[in-house]
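I opened this notebook to record what I looked up in one structure. The entries follow the order in which I checked things.

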2 protein chains.
Amino acid sequence: ESTKHSLSFLIKYFALTQFSEIREMGCKVPQHILQQYLENLQESRFEEDDLFFGPGMPRLGIGMDTCVVPLRHRGLSLVQTTDFIYPIVDDPYMMGRIACANVLSDLYAVGVTKCDSMLMLLGVSNKMTGKERDKIIPLIIKGYKDVAEKAGTTITGGHTILNPWILVGGVATTVCQTNCFIMPDNAVPGDVLVLTKPLGTQVAVAVHQWLDNPEKWNKIKLVVTEEEVELAYQEAITNMDRLNRTAANLMHIFNAHAATDITGFGILGHAQNLVRQQRNEVSFVIHNLPVIAKMAAVSKARGEMFGLVHGMCPETSGGLLICLPREQAARFCAEIKSPRYGKGHQAWIIGIVEKGSRTARIIEKPRIIDVTSSQSTSQNVSPAVPP
Amino acid sequence: ESTKHSLSFLIKYFALTQFSEIREMGCKVPQHILQQYLENLQESRFEEDDLFFGPGMPRLGIGMDTCVVPLRHRGLSLVQTTDFIYPIVDDPYMMGRIACANVLSDLYAVGVTKCDSMLMLLGVSNKMTGKERDKIIPLIIKGYKDVAEKAGTTITGGHTILNPWILVGGVATTVCQTNCFIMPDNAVPGDVLVLTKPLGTQVAVAVHQWLDNPEKWNKIKLVVTEEEVELAYQEAITNMDRLNRTAANLMHIFNAHAATDITGFGILGHAQNLVRQQRNEVSFVIHNLPVIAKMAAVSKARGEMFGLVHGMCPETSGGLLICLPREQAARFCAEIKSPRYGKGHQAWIIGIVEKGSRTARIIEKPRIIDVTSSQSTSQNVSPAVPP
């Protein structure tokens, strides 16, 4: 009975026939190609903005997580994002939850903490029987809805199609004054980089599937136990399911200068996106990589096939990468652990902002921080600022 | 060279392997099943609206083309829609144009004429080579962008994934005062129903593909010529590419009581959706079906496999179905032909609104109006009100 509630037949189809072929891009078109495609999309008539909306109304367009559009109603901006993903976990309800957290994450990345409205996008697989569909789809919808409610927003519409693969995603929209969001373009030399979830979500999910694949399991069984894989998988799910809303709130309190969320392009891809957006001539240097426990070792045992330590491994519903003033960053990391924000979660200082030509890089031998359950490690990792 | 700019390899894949299997639902999950899924999604706490937003702020949720959400900023509403479709024409540039018109159509259906912001959703086929992708995708994007500009809006973001099938769509959003939109719930007995584009877009596209399929062509060649099929295809493209913006404008001038746009559920499916939304106890009765020339005959020759005269045939970027006061409807149909709105287009009075229990139906033998090029017929079809 319970297997009928499972997405595994689709994940397997997806994983076995497609994952190896597209793993490096995580179902994304390669970043540099996408940038070429989108080059001509950006509007050139933004100079008119100052005339029309009054001077200084911020605008954020193609290429970042979220768009910020000045509205005709003076002082208000439209902040909006869309995202959709394929099933990566076996449980349809959890899949819906993660997809919703993943959509909202783009709003949180610009410090928006209140979402006015969500839409849901759903691709129903034409490979499912009617019976499978009738059990699975309502569970996905319920998961999506429950997380929307947890985030204090409501689903007001959407669109559903038939597609070979299941698709789950949506749109998140807020209309707000300019002080409700933080434009991601104000990093200054001396800032540090903070990350609010460990990396390795998609590695943990893939490795978990290898438990059923002796050939692949044999290649990693010397560096990881079955139990560690199960724990890593649970840790990945816990993190993907978690909203970045607390982090967005704290961005205002601790004067964040810029942020992005980590998803399909990996931490380095998104860091590069963010640094190109900066008004000051800065570069980002990443020293530490917090990774779900054992996933860096597994990745190494497989010849870095995931690109994890190179910052190229795609994440789903990853954490925020935030540029914070150095003196505020440790306080941010302490505060986010506070029980007043639910279970209390970790954040890590992972790098620095220095003078530079808008590049982002990871140092040659980054320190890998093996992250076990958020709670158990919260006492023993100090948010040490890199030298 | 030009074939490299074509989507035909995908359309064929799509058409031959999938179209027959899902044609009746037009890549949609069946309407009644979707309604079950979405039943629990609608929020119950809308009663709080009056307290929070002040009395009488309109709200439109799941199930209609567009959502209308009252905002925290007094007097303003968020009007928003999302849609995406698969390739249905061979020319990627035209495909982008049609997809954009199709997204915007949902806004126009509630009388919104100014879109503040669009997002673009793109599924890039993993069956394309890099070379195909680099030629085709920028053309789709350009088409989408050009129509967004024509509509006076800009694309501010979006999301791109790899998918077995190409997907093109987006999100259209406006923030406006309540007088800028027309809630689709105010039809009264005595109103008439007006349609602003002919039906049969997807029939024309399918039949056009049959020109290359002798087996299928043989079944219809007695009722239609190759030239007529080409003309029907062109007429379908012209109509799918056309914005419903003029119609949305005229809805305000002629006091429209409710409207919807005709897409995946066919005219009857959308009429049923709309009638269920009405505050008054009304029913819709459709007497006339304007259909792209010869497509009704083709449909009949194939045993009504498309469901065209039963109102079940999906359309792409179809017209608006508008409830208008009887005395205004003829003036609406005359005005929309005016050269001041570009080429001038037709609209037809196709049915009546009567007292009833919120059902919609087509009379047993509806009058089929064979529509040839919009211009050539514009003088000889009178918008006669059905008896």
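The entries below go from conventions to the interface, the symmetry, the salt bridges and the annotated domains.

**Conventions.** I am working with a predicted model, in which local features need pLDDT of at least 70 and side-chain atom pairs count only at pLDDT 80 or more, while totals for chains, interfaces and linings use all residues. Residues are numbered from 1 along each chain as its sequence is written, chains are lettered from A and ligands numbered from 1 in the order in which they are written, and side-chain values use heavy atoms, with hydrogens and water left out.

**Interface.** I looked up which residues touch, taking contact as heavy atoms within 4.5 Å. Chain A brings 67 residues to the contact, and chain B brings 67 residues. I then looked up the buried area, meaning the accessible area (1.4 Å probe) that two parts lose on being put together, summed over both. Between chain A and chain B it is about 5,800 Å², and carbon and sulfur atoms give 65% of that.

I noted 17 residue pairs in polar contact across the interface, both residues at pLDDT 80 or more. A polar contact here is a pair of N or O atoms within 3.5 Å; within protein, one must be able to donate a hydrogen and the other to accept it, and residues adjacent in sequence count only if both atoms are side-chain atoms.

On the side of chain A that touches chain B, β4(A) supplies the largest share, nine residues. I sorted the residues of that side into 34 nonpolar, 20 polar and 13 charged. For this sorting, Ala, Val, Leu, Ile, Met, Phe, Trp, Tyr, Cys and Pro are nonpolar, Asp, Glu, Lys and Arg are charged, and the others, Gly among them, are polar.

**Symmetry.** How is chain A laid on chain B? A turn of 180° with a shift of 0.0 Å along the axis does it, at an RMSD of 0.0 Å, superposing by least squares on the C-alpha atoms of residues with pLDDT of at least 70 in both. The two copies are thus related as by a two-fold rotation axis. In chain A, A:Pro164 has the C-alpha nearest the axis, 3.4 Å from it. I also noted that the copies meet through the same surface, because 100% of the interface residues of chain A are also interface residues in chain B.

**Salt bridges.** My search of the whole structure gave 16 salt bridges over all chains, each a side-chain nitrogen of Lys or Arg within 4 Å of a carboxyl oxygen of Asp or Glu. Between chain A and chain B the count is two. B:Arg72 and A:Asp116 form a salt bridge through their side chains (3.1 Å, N to O).

**Annotation.** UniProt, in an unreviewed entry, lists residues 65–172 of chain A as "domain: PurM-like N-terminal".

Definitions and conventions
Helices (H or I, at least four residues) and strands (E, at least two) are DSSP runs, numbered from the N terminus. UniProt positions are given in the numbering used here, feature names are shortened, and annotations may be inferred rather than shown by experiment.
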